[in-house]
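Student: Hi, could you walk me through a structure I just opened? I'd like to go through some helices with you.

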Amino acid sequence: MYTATGIKSKEDFVDEFSPLVKRIAYHMMAKLPASVQVDDLIQVGMIGLLDAVSRYEGSYGRQFESYAAQRIRGSILDELRDADWLPRSVRKKMRQIEAAVNTLEQRNGCAPNEQDLADELKISLDEYHSTLQSARGAQLIYYEDFQQDDEEPFLDRLLADDKNNPLDALVDENLRTLLVQAIENLPPREKMVMGMHYEQEMNLREIGEVLGVSESRVCQLHTQAVARLRSRLRNL
């Protein structure tokens, strides 16, 4: 990481690690509303990269890449919190889908397909797909609302702050086990999407290439999987 004249300049670091910034930005897009632009995330992530270059005191290499990734994610999350990236309208749409999933599972004893859910919501299949797309900012884990009337759910507030990790604060071993079981019971393609995105850290475009579908279709499958998981876990 050194040149003949000394340590590389910040411009050199930006050139070398800009693919890392883009990879992180595209990966985070799956958790954000469609109104968020990936170019904005990349720009903010670059600021995080420059901050990492300025602060890092160790030897450059794989350790720096890990450190830079943390700073990049932190910079993007700070910007998203300031921009109120998960509006009430998104949570409302997700709750409607979750309620439909729960109703149909209780009624029929099996996981509903997309047409079933659209019929339950009294909308067309195209409208249902559009709803999934717009609700892409929904969170994965639903534990306990702790809410009254239209008050914002407690866990959603907690998840919006990366300093409070709900997996550490709220999820015990029993709930982790139930979550694993719920993921195992997802329809095959939704299970594949969750595995590729969260375990292999693939972005939506990469997952789409594997499945042979569009990026927007992957987004819909991801949101639908989240709705199924939240529906099951909230009724524990």
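This is a predicted model: local features need pLDDT of at least 70, side-chain atom pairs count only at pLDDT 80 or more; totals for chains, interfaces and linings use all residues.

Student: Nice. Which residues of helix 4 are buried?

Tutor: The buried ones are Val90, Arg91, Met94, Ile97, Glu98, Ala100, Val101, Leu104 and Glu105.

Student: Switching topic: is His129 buried or exposed?

Tutor: His129 counts as buried, because its relative accessibility is 17% and the cut-off for buried is under 20%. His129 sits in helix 6, residues 125-134.

Student: What does His129 touch, leaving out residues up to four places away in sequence?

Tutor: Glu114, Arg217 and Gln220. With Glu114 there is a polar contact between the two side chains, at 3.4 Å.

Student: Now helix 10 and helix 12: how do their axes cross?

Tutor: The axes of helix 10 (residues 188-199) and helix 12 (residues 215-234) cross at roughly 100° and come within 9 Å. That angle makes helix 10 roughly perpendicular to helix 12.

Student: Which residues make that contact?

Tutor: Helix 10 contributes Arg189, Glu190, Val193, Met194, His197 and Tyr198, while the helix 12 side includes Leu221, His222, Ala225 and Leu229.

Student: How many of the contact residues are nonpolar, polar and charged?

Tutor: Eight are nonpolar, three polar and four charged.

Conventions. Residues are numbered from 1 along each chain as its sequence is written. Side-chain values use heavy atoms; hydrogens and water are left out. Axes are lines fitted to C-alpha atoms, for helices over the stretch in contact, and angles run from 0 to 180 degrees between N-to-C directions. Helices (H or I, at least four residues) and strands (E, at least two) are DSSP runs, numbered from the N terminus. Angles under 35 degrees count as roughly parallel, over 145 as roughly antiparallel, 65 to 115 as roughly perpendicular and the rest as oblique. Contact means heavy atoms within 4.5 Å. Ala, Val, Leu, Ile, Met, Phe, Trp, Tyr, Cys and Pro count as nonpolar, Asp, Glu, Lys and Arg as charged, and the others, Gly among them, as polar. Buried means under 20% relative accessible area, exposed over 50%, partly exposed in between (1.4 Å probe, protein chains only). A polar contact is a pair of N or O atoms within 3.5 Å; within protein, one must be able to donate a hydrogen and the other to accept it, and residues adjacent in sequence count only if both atoms are side-chain atoms.
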